[in-house]
Each structure stands twice: as C-alpha cells, then as structure tokens.
Protein chains: 2
Amino acid sequence: MHADATGSDAPAPESAVPPAGPAGPVRPKRATRLRPLGLNEVELAASGALGDWQHRNRVATLPHCTARVVSSGALGNLERIAAGVAQGAPHVGMVFSDSDVYKTLEAIAWEHVRGTDAPVEEFATRATRAITDAQRADGYLNSWFQGQRPDLAWKDLRWGHELYCAGHLLQASVAAQRTGALPGLAAVAERLVEHLLETFSSADGDGRLIGICGHPEIETALVEHYRQTGDERALGLATHQIDLRGRADVELPTTDLPGGRPFSLSYFLHYLPVRQRRSATGHAVRELYLQAGVVDVATETGDEDLLTASETIWEDLYAAKTYLTGAHGSRHRDESIGDPYELPSDRAYAETCAAIASFQWNWRLLLATGRARYADAMERVLWNTVAGATSRDGESFFYSNTLHLRTSHEDEEDAPRHRLDWYECACCPPNLARLVASVQSYLATSDDSGLQLHLPFDGQVRTRLAGSPVSMDIRTDHPWDGDTQIIMEDCAPTAPWTLSVRIPRWSEPGRFRVVLNGEAVEPTLQHDYLTLSRTWRAGDRVQFANAMPLRLVAAHPRVDAVRGCVALERGPLVYCVESDDLPPGAAIEDLVIDDAPVLECSTKVPAGLEDYVKVAISASVRLVSSTSQPLYGEHLPTPARGETAEVRLIPYFARAHRPSAAMRVWLPTAPLQRAVAAMTEESSTQGTPLAATSGGSGCVDQEGV
Amino acid sequence: MHADATGSDAPAPESAVPPAGPAGPVRPKRATRLRPLGLNEVELAASGALGDWQHRNRVATLPHCTARVVSSGALGNLERIAAGVAQGAPHVGMVFSDSDVYKTLEAIAWEHVRGTDAPVEEFATRATRAITDAQRADGYLNSWFQGQRPDLAWKDLRWGHELYCAGHLLQASVAAQRTGALPGLAAVAERLVEHLLETFSSADGDGRLIGICGHPEIETALVEHYRQTGDERALGLATHQIDLRGRADVELPTTDLPGGRPFSLSYFLHYLPVRQRRSATGHAVRELYLQAGVVDVATETGDEDLLTASETIWEDLYAAKTYLTGAHGSRHRDESIGDPYELPSDRAYAETCAAIASFQWNWRLLLATGRARYADAMERVLWNTVAGATSRDGESFFYSNTLHLRTSHEDEEDAPRHRLDWYECACCPPNLARLVASVQSYLATSDDSGLQLHLPFDGQVRTRLAGSPVSMDIRTDHPWDGDTQIIMEDCAPTAPWTLSVRIPRWSEPGRFRVVLNGEAVEPTLQHDYLTLSRTWRAGDRVQFANAMPLRLVAAHPRVDAVRGCVALERGPLVYCVESDDLPPGAAIEDLVIDDAPVLECSTKVPAGLEDYVKVAISASVRLVSSTSQPLYGEHLPTPARGETAEVRLIPYFARAHRPSAAMRVWLPTAPLQRAVAAMTEESSTQGTPLAATSGGSGCVDQEGV
C-alpha cells in the first residue's frame with residue numbers, strides 16, 4: 001500500500017499546517033475552517049460502492065482515456081510540435097485538445113499512489129516527453145497556437161483557451177509533485193508560470209498584458225501551484241485575474257478562430273466583477289471553475305468579502321438553478337446555466353464537467369466554512385450526475401446528463417440515448433478520471449477539535465489528531481444503506497476529541513440512532529453534524545444508524561418544466577423509470593403516478609443490473625394511452641384512467657445500460673388534463689346542413705348587415 | 001390603383017390556366033385542386049387589421065429593411081464585388097448576407113403593384129445594379145465566395161448557402177417579372193439558372209455535380225422560375241434536387257468555413273429521402289422551405305406520391321411538434337424542430353422565418369388538396385407568430401418567438417425581452433416584408449365551382465368566374481370579430497356558382513348563422529367550408545355570423561412543458577399575460593388560474609395598446625407567493641391560496657411593447673404543488689440533542705454492529 005507515496009511520515013499537522021502525507025487536490029496554506037486529510041489518509045475499500053467505482057476508474061476508465069487521447073490525435077498534436085514539424089501541419093480536434101492530455105496525466109498522477117499499470121505508465125512517459133519537448137524556449141506551450149497560428153498567441157483570449165490549457169497543465173503538475181509521479185512535468189509548469197508572469201499583468205500599472213481567459217480554470221490552478229511551490233507570484237497573478245474579470249475596461253479580444261461564436265460577455269462571466277454579482281449565470285462550466293478559483297484566492301488571501309461573494313452566487317445557484325441530480329446548465333445552445341427555475345428535464349444540458357466543477361467548488365467552500373450544505377451538494381451531484389456519467393464498464397460516458405429521454409428521441413452526439421465512448425469535445429472523460437482517482441480526498445476533514453466525516457464511505461482513515469496517530473475502519477453500504485459503523489483501530493491521543501458525522505439533508509428528522517460500544521447514546525447535533533466527543537480508545541465501536549426511507553419529491557412551483565410531477569429518491573440517490581422496465585407495449589409517455597402511490601424499496605433489481613444496483617423501487621402507476629388526443633383542445637380536466645401496473649425504478653446513475661433507454665426522473669401525477677375537441681384535425685362532418693343559431697360574436701360592436 | 005401591374009386585362013382563366021392579372025407567389029402551371037387569384041384580384045382595405053398591417057409593412061418595415069440592408073453592409077458586400085474590389089476585401093455579416101438583399105428586393109417587387117416611394121425605388125435600382133455587376137461572366141453570383149474564397153465555390157454545399165442565396169435571387173426575379181418591377185433582375189436570374197444547369201446534375205449520369213444545398217430554398221425557387229419562364233429545365237433541376245436529398249450516396253461536402261458546426265445530416269434534412277420519411281425533423285426553416293419545394297415539384301410533375309409524402313410529414317409536425325402559436329422549432333442550439341411533444345414555452349425557438357415558411361408550405365398544400373386544415377394552420381401562424389414578430393411601429397422584430405419570458409430573464413440577442421431593430425443574422429425582417437407585401441395573395445382561391453374565402457379579411461375581390469367578372473366587397477373586423485359580410489358589387493356570370501367560406505377550427509359547432517339578403521338560410525357544410533350555391537346577382541348581401549367565444553385550451557398530456565397549464569384563445573388569437581398588467585409588486589411567476597376561471601372579453605385595453613388591440617380578456621386569477629419555498633422538497637399537494645386578482649390578457653402578437661414584458665401564454669392552474677422540507681437550506685437546529693429513534697434503514701440486509 002501507498003508504495004509510491006511521498007512524505008507519509010511527515011510531522012503531525014498543526015492548525016493551518018497541511019496534513020501529513022501527499023496532499024490531494026486543494027491543500028490550503030492558510031488556515032481554513034476545516035483541513036483536508038492527506039491523499040493517503042483515506043483509503044476506500046474495494047467492497048464499497050465508492051471503492052468499486054475508483055477501482056473501475058483505475059482499471060477501465062484511465063486506460064481507456066490514455067488510449068483515446070492517443071487515437072483521437074490529442075497527444076499527436078503535441079508530439080508534432082515536439083518534433084518540430086513545420087508550422088501549419090494539421091491540428092486534430094478542438095483548439096483546447098491539449099487539456100485532454102493534461103487531465104489524463106493528472107488522473108495518472110493521483111492514481112500513482114496506488115500504482116499504475118505499464119501501458120498507463122508508458123503513456124505518461126510519452127506524454128510528459130511530448131509536453132516537455134513541445135514547450136517553447138520562452139515557456140509558452142499550446143499545440144494549436146504553436147502549430148497553427150503562432151502570430152495569434154495570447155491574441156484570442158475569448159476563444160483561444162490558452163490559459164485554460166495552461167491551468168490544466170499546472171493541475172497535472174501539482175498532482176505529479178504531490179504524488180511523486182511524472183518526473184519532468186514540474187519543470188514544464190515552472191517555465192510556463194514564468195512565461196505567464198512575464199506576459200500577464202499581476203497588478204494595475206505593471207505594464208504587462210491586461211487580460212483574462214474566456215474559459216476560467218487558470219485561477220484555481222495558479223493557486224494550487226502556489227500552494228505546492230510557495231511561489232507567491234502565482235497567487236498574485238490568480239488574484240489579479242479574479243479582480244480583472246468583469247471590469248468594463250478589460251477587453252476580451254477575439255480573432256477569427258474557428259468555432260468562435262457570438263456569445264455575450266455573460267457567457268464568459270465577464271459582464272460584472274465577481275464581488276458585485278448576485279447571481280450564477282453564463283456558461284456553467286466556466287462559472288463553476290471560476291468560483292473554485294474565487295474561493296481558492298479568497299482562502300489564501302484571507303479575503304472574507306470575496307468568499308462571501310462566492311457564497312452569494314452559490315445561494316442563487318442552489319435556490320433556483322440546480323437540477324434534482326445536482327447538475328447545472330439548462331441550455332444546450334451556449335451550455336449556460338439559464339434563467340431562475342428554467343430547469344427542463346428533456347433538454348437538461350447538465351454537463352458532466354459542470355458537475356465535477358461544482359463538486360470541486362463545494363469542497364473548497366466546505367473547507368472554508370464548514371457548512372454542511374456544501375457537503376450535501378457534493379453528495380447529491382456525486383451520486384447522481386457524476387456517478388451516472390460513466391458506464392458500469394467504465395469505458396463510455398455522458399457529456400450531457402438529461403433527466404428525460406423520450407421514446408422517439410432523435411439520437412445525436414449532443415444528446416445521445418446511450419453513453420458514447422469518446423467525444424469530439426472530449427473534456428468530460430478525462431475530467432471524470434482525475435476526479436475519481438482522487439475522490440478519497442473529498443470525504444473527510446480534521447480540525448483542532450477532531451475529525452469530520454462528510455460523505456459516507458467504506459474504507460479506512462489513518463491520520464493524526466493533535467499530533468498522535470488515529471486509525472479507524474469505516475463500514476457502510478452507502479449509498480444503499482444509511483448506517484455507518486466506525487471501529488477505532490488505533491487511537492493514540494489521550495485527550496478527548498470529537499468525531500463528527502454529517503447528517504445528510506435526506507435524513508428523516510429524529511430517525512437517527514447512535515450506538516456506542518453496544519449502548520445507545522445521545523449525541524449532539526451541531527450545524528447538521530452529529531458530534532460525539534470523548535476520549536476515544538482503540539476498540540471503540542460506534543454505529544450511526546440512519547433510516548433511508550423512500551421520498552416523494554416535488555419541485556418549487558416556478559419550475560415549469562416539472563409542474564404536476566414528482567420524483568422518487570432514497571438516500572442520496574435520485575431514481576428514474578426506464579422504458580425497459582415497463583410492461584410490453586407501454587410507452588413511458590403514458591405513465592402516470594398517484595399523488596400518494598404505493599411505493600416499496602426492493603432488492604429485486606431489473607435483469608442485467610444486479611451487479612450494479614442493490615436497491616430498486618417498485619411503484620404503483622397507471623398507464624393511460626393518450627395517442628388519440630389532439631395536440632391542443634378544450635381544457636376538460638378529468639381523472640386519468642388506464643391500466644394499473646407496477647414499475648420498477650432504478651437509480652438515475654444506473655440508467656441507459658439497456659436497449660431502449662427512454663427515461664423519466666420526474667413522473668406526472670394524475671389527473672391528466674385531457675385535451676379534447678381537435679383543433680388541427682379535420683372534422684368528420686361532411687356535406688351536412690348546418691343548424692343556424694343565434695350565437696353572437698362577443699364584445700366587439702357589430703355593424704348591421 | 002394597380003397602376004404598375006401588368007396584364008390585369010388578360011383573358012379569363014380556364015381550369016389549369018393561371019388566373020388573370022399579375023400572379024402573386026405560387027402560380028401553378030398544372031391544375032391544382034384550387035387556383036390562386038391574381039396579385040391584384042384581392043385588395044385589402046386600410047380599415048381592416050390585415051390591410052393596416054400591410055400598410056405598416058409598406059411605409060415602415062420596407063423602408064427600414066432597405067436602410068438596414070445598406071447600413072448592415074449586406075449591399076456593400078455585393079457592391080464591392082461589382083466594383084471589382086480585390087479579392088479578400090472584408091465581407092460583412094453572415095456568409096448568406098446576399099439573401100437579405102434579395103428578400104428585400106422581392107418585397108419591393110410585390111409592393112410595386114401599389115407603388116413604392118422614392119427612397120425604396122432608389123434602393124431597388126442601386127441593388128439591382130450591384131447584383132447585375134457583381135455576377136460573374138459565367139453566371140455565378142455570391143458575394144462571399146467571389147470576394148473571400150472563389151476557390152471554394154460549390155465546394156461547401158453544407159454551409160455555403162450558395163444555392164440558398166440563388167433561390168432567393170430567383171424568387172425576387174419571379175416577383176419582379178410578375179409585377180413589372182426591377183428591370184434587369186430577370187436577366188441576372190436567367191444567367192444564374194444557366195450556370196446552375198451547367199453545374200449541377202439534373203439527372204443521374206449526366207456527368208454534372210451531384211449535390212444539394214445544406215439549406216433548402218432553391219427547390220421552390222426553381223419551380224417558381226419554371227412557372228414564370230416556362231423553362232422546364234429548371235423544374236427538372238428542382239425535381240432532381242428533391243430526389244437526391246437524403247440519398248446515402250450523395251455527399252454534403254464541407255470545408256472549414258467559419259460558422260460551420262458539427263450538426264448531423266438530419267439537421268440538413270439529408271438523412272433519408274423525403275418519400276421515405278414519416279416525421280418532420282431537423283432545422284425547422286430548412287425542413288419547411290424544403291417541404292414548400294416538395295409540394296411545388298409534386299404539383300408541377302403530378303407526382304401524387306410525393307405530395308402524400310409531404311402531407312405525411314405535415315401530419316407528424318402538426319400532431320406533436322407545433323406550438324399553440326403555430327410556430328415550429330423547439331431548440332435554440334440547432335434551431336431544430338425537436339422530439340415529439342418537446343414544446344418548451346420558455347425556450348421556444350419558434351423562428352419567424354419558420355413561421356413564414358410554414359405559411360408558404362400550407363398555402364401550397366391548400367392549393368393542391370383544398371383541405372381546410374392547411375388554411376387553419378395558416379391562420380394560426382399568421383395571426384400569432386408572424387403578426388407578433390413585428391412591432392406595431394413596423395421597425396423592430398423578433399427572430400425567436402418565445403411563449404414565456406420570466407421576470408428575471410437574461411436578455412440576449414438570441415432571446416431578447418423586446419424586439420430588436422436588426423439582427424446579425426438578418427434573415428427574418430426582410431422575410432416578413434416580402435410575405436406581408438404579398439399577403440393578399442394567400443387569402444382566397446377559385447375553382448371551376450366558384451370562389452373560396454379561406455382567411456377572413458376586410459377588402460375587395462375582383463376576379464373572373466367562368467370567364468365573367470365578379471366583384472365583391474368583404475367587410476369584417478377579423479381577427480376581433482367572427483362575422484364576415486359579403487356584398488356582391490358586380491356579378492356577370494349568369495350560371496349558379498358556389499361561394500365557400502371556411503369555418504375556422506376555432507368556431508363553436510352550431511354557433512354559425514348565415515343571412516342572405518336579410519333572411520337566414522341553411523348553407524351546406526362541406527369539408528369545413530360553408531358553401532352557398534346560387535345564381536349570384538349584383539347587390540346580393542350575405543352575412544356569415546360566427547360566434548367568437550373565449551376558449552380555455554389544454555395541451556396533449558405528453559407536452560411536458562405545459563402540464564397543468566391552460567391557455568386562452570379567442571378566434572384565431574392566442575392571448576398572453578404580461579407582467580405590465582399585474583398588480584404592483586406581483587410577479588408573473590406567482591399567477592395561478594382556476595380550472596374554471598371567470599373570463600370576460602373586454603374592450604378595455606391596457607394603456608398604450610388601444611390603437612393596436614381591440615379586445616382584451618379579463619380573467620380571475622390568484623397570486624400565490626412561492627418565494628419562501630425550497631427548490632426541491634417533500635411532495636405535499638395543497639390548494640394554492642393567495643390573493644385574488646383580475647388580470648387583463650392581451651393578444652400574443654401585441655406583446656413586448658411595454659417595459660417589463662415578462663410574459664406567459666400558458667397559465668398554471670391550481671392546485672400548486674407546494675414543496676416543503678428544504679433540501680438545500682441549512683437546518684436551523686443547532687446544538688440540540690437528538691432524540692434516538694428506532695428507525696431502520698429499509699430493505700438492505702444490515703450486518704450487526
């Protein structure tokens with residue numbers, strides 16, 4: 001275990017001191033409300049759902065990504081530059097294809113602590129060499145601009161994605177440095193940062209280029225680089241990037257780059273300074289990456305106002321612009337967040353990268369504030385949107401995560417029925433790989449009072465509290481079961497400390513039980529955490545028993561798209577109906593559920609999903625054929641009739657593994673409104689005399705005949 | 001009147017012979033079920049709503065278009081080519097900007113029969129000269145390709161829009177020839193058609209380029225050119241274009257043109273031959289222009305199977321893919337029609353050009369078949385989407401016609417709160433101008449049995465039936481009133497003939513009265529037309545009295561976007577609520593309407609709209625504040641409470657003339673579902689001990705602690 005990790009025997013952490021062992025993503029230098037544990041201080045058990053997912057990521061997703069980053073040509077773009085191939089040689093794929101390589105390398109670096117297989121290592125060596133050789137002597141690095149239009153370097157900040165790509169290179173380098181992987185990458189990052197510092201303004205009036213990137217990412221990456229290297233100039237550059245954004249006097253120049261489109265400055269989050277904004281808007285991934293960087297800068301500069309600004313935007317986002325699955329982005333056109341309460345199920349864009357970005361942002365807010373709402377948001381998006389983005393074999397992916405797929409849906413790359421094994425714009429798959437490879441870093445924290453478990457997992461924690469080793473086994477069948485059992489294996493601290501376990505938002509008030517060494521105890525509830533303070537000893541066993549009842553959920557009445565519908569949840573999981581589970585011949589469009597349906601959870605899982613789903617939900621529904629009704633007609637609300645049936649719902653994340661895959665998360669409740677009196681069909685009355693009546697024509701004064 | 005029209009004294013029409021006078025758009029050469037009247041045979045009275053609209057088009061919209069076609073640079077693009085400016089000089093606007101010029105010229109040509117003002121005539125002369133001089137010696141004509149990339153001519157059929165632009169040039173030329181306007185344009189068109197015939201395959205194996213256009217339009221234009229000139233080669237080329245479309249062996253080549261995007265072949269309607277398709281799909285304007293061409297070819301070649309194919313696609317479109325306002329196109333991303341029942345109100349794309357194209361397609365189907373359903377579709381889209389696309393001053397326009405605008409909608413060119421005075425992609429404004437300038441041609445027809453009035457209008461008909469002059473006054477206050485009065489001014493035919501008046505789909509069965517010369521008569525109902533057959537005499541007066549009650553409309557239960565909502569209609573008009581008409585402080589999002597509300601029509605029209613709207617609707621509603629509710633929570637259906645209020649609805653077409661302009665067509669009915677038990681807000685319980693309960697965790701086997 002931990003064979004490749006570095007520094008796991010480092011001294012115990014003090015307040016504001018990073019924890020021992022290699023750090024995972026996000027290692028604040030300044031004191032935060034909560035401190036992340038080290039990358040190796042949490043280990044997922046292969047028997048748990050999260051550990052199984054991380055294993056799949058390692059043995060399937062990561063090798064798949066390395067192979068596709070090669071076969072798609074993304075690595076080749078860098079290799080051609082590295083080989084000094086003449087300018088103008090073809091570039092394959094998007095202008096930001098380098099970032100596919102960097103994100104894959106970051107995933108490899110995080111996996112490095114568990115050891116990676118030879119083909120993945122070979123890719124890592126090959127890619128690191130290509131990157132190193134491709135970098136220009138002055139530190140500039142971008143295969144598209146170097147190969148296609150070196151004259152336009154830093155001239156199309158709107159669409160060029162150069163700082164975006166640089167950010168992902170820095171993140172890969174940070175991961176590499178923290179885990180001892182990818183030798184050579186840190187040197188590339190150092191040269192790149194020097195180039196950025198020479199090029200871009202870090203303070204008003206320093207005479208350098210005043211510009212920001214159309215796609216945020218560099219901000220959080222520069223802060224992480226600062227955290228890893230201590231180079232305060234990187235933090236200064238990140239801070240100034242945040243300050244420049246939204247300023248009316250800062251241009252976002254563009255050229256005639258292919259793919260550039262006439263989106264507004266709000267798309268680029270450059271319409272108002274972050275500190276002045278009250279709402280989450282624009283391109284979802286851009287906004288969420290930006291906010292991660294905002295919290296990073298606020299954290300490292302101690303800027304409380306900036307932190308508050310990000311929390312204000314969070315409140316707007318989660319009050320009216322978040323899908324039940326935790327996803328964001330209501331529009332396909334510009335991948336944007338959309339208006340408040342504009343949350344269409346069918347055309348949910350809900351991009352996988354936005355889900356990953358929101359997970360990262362919420363983690364930073366959780367560290368900064370200790371507020372449980374951020375952990376709730378993380379759990380929701382992780383177990384629904386992020387978990388569902390990858391197939392159970394780990395080798396195909398959703399880019400967009402719809403909540404409603406019609407029977408007759410027209411399949412397109414933009415909104416496919418099933419996961420695709422790669423995308424023209426391949427940002428999501430390697431993004432999933434890097435998150436899942438480091439997901440154990442996002443589950444637990446410590447502070448001066450003790451240890452906090454935010455997201456349940458099956459595995460082990462081995463850390464130090466007040467300088468002394470603490471080791472515990474955590475056993476849970478999450479997300480299928482609400483109970484968590486903690487067995488203290490080793491506990492050196494002799495003073496009392498507090499074990500805190502988050503009470504998920506989905507818990508039923510009062511249906512929570514804590515048993516310590518066989519005896520029920522009354523823990524304290526603090527800000528949505530159960531806390532148990534005592535002098536812990538090896539052998540202590542504590543059970544947090546949490547009911548996981550089925551929940552019938554409705555949306556705010558302003559969510560027009562799901563008016564008159566309910567959704568089913570259990571624990572952190574949103575459920576859905578798939579057409580594959582309907583009686584033969586029934587269409588998912590005909591399904592109606594009662595306001596108070598008969599619901600049961602069931603371990604009888606649809607065939608083919610047994611190894612992937614432990615708990616299905618059986619629900620009584622009716623199937624009401626509506627095919628004979630016109631598109632519009634007289635409003636005559638009538639109770640829905642139709643055959644009763646029992647359908648089985650599966651977790652949303654497990655959808656789209658079977659042939660037909662028509663799907664609904666939100667189920668219409670009875671009564672349906674029946675539309676009668678056809679308005680577009682031809683009348684069947686033909687050649688019949690018409691009875692003359694005395695009907696007037698309403699309120700307009702009529703002239704005589 | 002009619003000073004500039006040509007041929008108004010031509011001989012009387014026979015079956016299959018075009019009617020007398022200058023023809024309007026669509027003049028079939030082969031016999032159709034119904035024959036259009038000539039352009040001058042219907043005249044709109046300035047006192048009627050339609051005549052007023054046409055007047056506004058002439059005095060405001062058309063001059064505005066000519067000015068903006070100049071100031072936007074669209075005309076300049078052609079003028080630079082005409083002046084022989086060196087290749088590579090900048091092109092302004094879209095690759096298809098030439099079509100803005102052509103459509104404006106077409107509008108001028110149709111207006112020519114009523115006479116046009118000097119500035120408009122000056123534009124026409126200037127533009128015709130530019131076009132003439134820009135045309136290459138070999139007949140090729142396209143300012144973008146000639147100026148930017150002559151090497152790519154006919155090489156990017158996917159995005160190049162060259163045939164699309166050529167089609168609009170042909171349509172302008174046809175209008176010019178039919179009205180005697182724009183001397184010189186016909187010669188350009190002849191040369192262009194020769195070039196197309198030399199370039200493109202008209203039959204398998206003729207050795208010429210096998211290719212179709214990514215944006216249909218050339219098909220209908222070539223048929224109109226054939227109708228006008230008799231050049232059967234143009235019909236042959238159009239027929240082959242239709243036959244090639246969707247064939248798997250026909251490529252749709254693309255280059256790296258700016259703006260090209262990775263849309264699928266269904267976007268381009270090139271995924272399946274028209275004859276094999278059962279559904280309307282892809283880019284809405286492309287599909288609808290294509291279908292107009294399909295019916296034109298079917299009509300002129302007598303191809304009944306092809307006509308049936310188009311009617312099959314119509315049935316699919318109108319059964320599940322049409323907005324209440326008659327509009328089409330549910331998606332912004334690719335401007336596509338969308339899946340069946342995917343009809344979001346808020347993100348309705350509902351492009352103005354698609355509405356115009358559907359009007360044109362339905363007219364062709366009406367002529368070919370005589371079926372009233374096509375006239376119903378025309379009336380619905382004309383009085384709602386098309387009428388609402390232009391502001392009441394005639395100088396600003398909607399490109400996209402949403403059915404729902406939220407209070408906090410973020411304004412963008414793609415979906416603005418108010419009409420804009422021009423667009424980067426300016427296809428819609430001149431398209432409106434050319435339709436409205438010729439709208440009188442789309443209202444009435446004749447056949448061997450007599451005359452048919454399809455869409456009510458206030459004005460005159462002067463035509464020949466069985467070779468003899470017939471002249472009648474038509475008086476109606478349509479769309480505000482259902483009555484139509486017809487006064488026979490002159491009626492030379494001595495034999496009986498049939499006057500048919502369409503019974504709109506919105507009519508109430510049985511509430512129809514016909515009074516002939518002061519006495520009620522029982523007319524015959526034939527296929528949704530009231531028919532009155534007799535030997536008509538000058539002085540005969542007939543009144544068709546039709547009630548125009550308010551209608552509460554519901555949508556098919558599969559239209560998820562408006563589940564639980566109703567809309568209000570009166571006559572052909574869809575109504576909407578605007579926030580400007582709510583009590584102070586009330587949000588449109590809080591409005592709830594009863595299943596059976598108190599409704600009254602009212603001539604009390606909101607201030608500022610008195611000259612534009614004759615009938616408002618007053619409705620009893622409730623205003624239910626929901627701001628304190630969480631985004632998602634426990635499903636607890638409860639009746640909506642809240643203050644009662646009376647709101648005034650205005651016709652959809654009259655929307656967005658006041659400041660706030662938040663708007664709904666579909667109004668939620670009570671009960672609202674109240675979502676309680678916050679899922680994202682923090683609990684307020686802090687530091688309280690938690691009662692231990694015995695809640696189990698459901699259906700997963702639990703291991704002992």
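1. Two strands count as paired if DSSP finds at least two bridges between them. Strands themselves are DSSP runs (E, at least two residues), numbered from the N terminus. In chain B, strand β10 (residues 512-516) and strand β14 (residues 541-546) pair in the antiparallel sense over five bridges. Within β14(B), B:Phe544 is the bridge partner of B:Val514.

2. The model is predicted: local features need pLDDT of at least 70, side-chain atom pairs count only at pLDDT 80 or more, and totals for chains, interfaces and linings use all residues. Residues are numbered from 1 along each chain as its sequence is written, while chains are lettered from A and ligands numbered from 1 in the order in which they are written.

3. The β10 and β14 strands of chain B belong to an open sheet of seven strands, ordered β2-β6-β7-β8-β14-β10-β11, with antiparallel pairing. At its edges lie β2 (42-44) and β11 (519-521) of chain B, each pairing on one side only. Neighbouring strands of this sheet are turned by 20° against each other on average, direction ignored; the axes behind this angle are lines fitted to C-alpha atoms, and angles run from 0 to 180 degrees between N-to-C directions.

4. In chain A, strand β6 (residues 459-465) pairs with strand β7 (residues 468-476) in the antiparallel sense over seven bridges. A:Gln460 has A:Asp473 of β7(A) as its bridge partner. The two strands β6(A) and β7(A) form a hairpin with two residues between them, and A:Ala466 in the turn has a positive phi of about 50°.

5. β7(A) also pairs with strand β8 (residues 484-491) of chain A, antiparallel and over seven bridges.

Definitions and conventions
Helix = DSSP H or I, 4+ residues; strand = E, 2+ residues; numbered from the N terminus.
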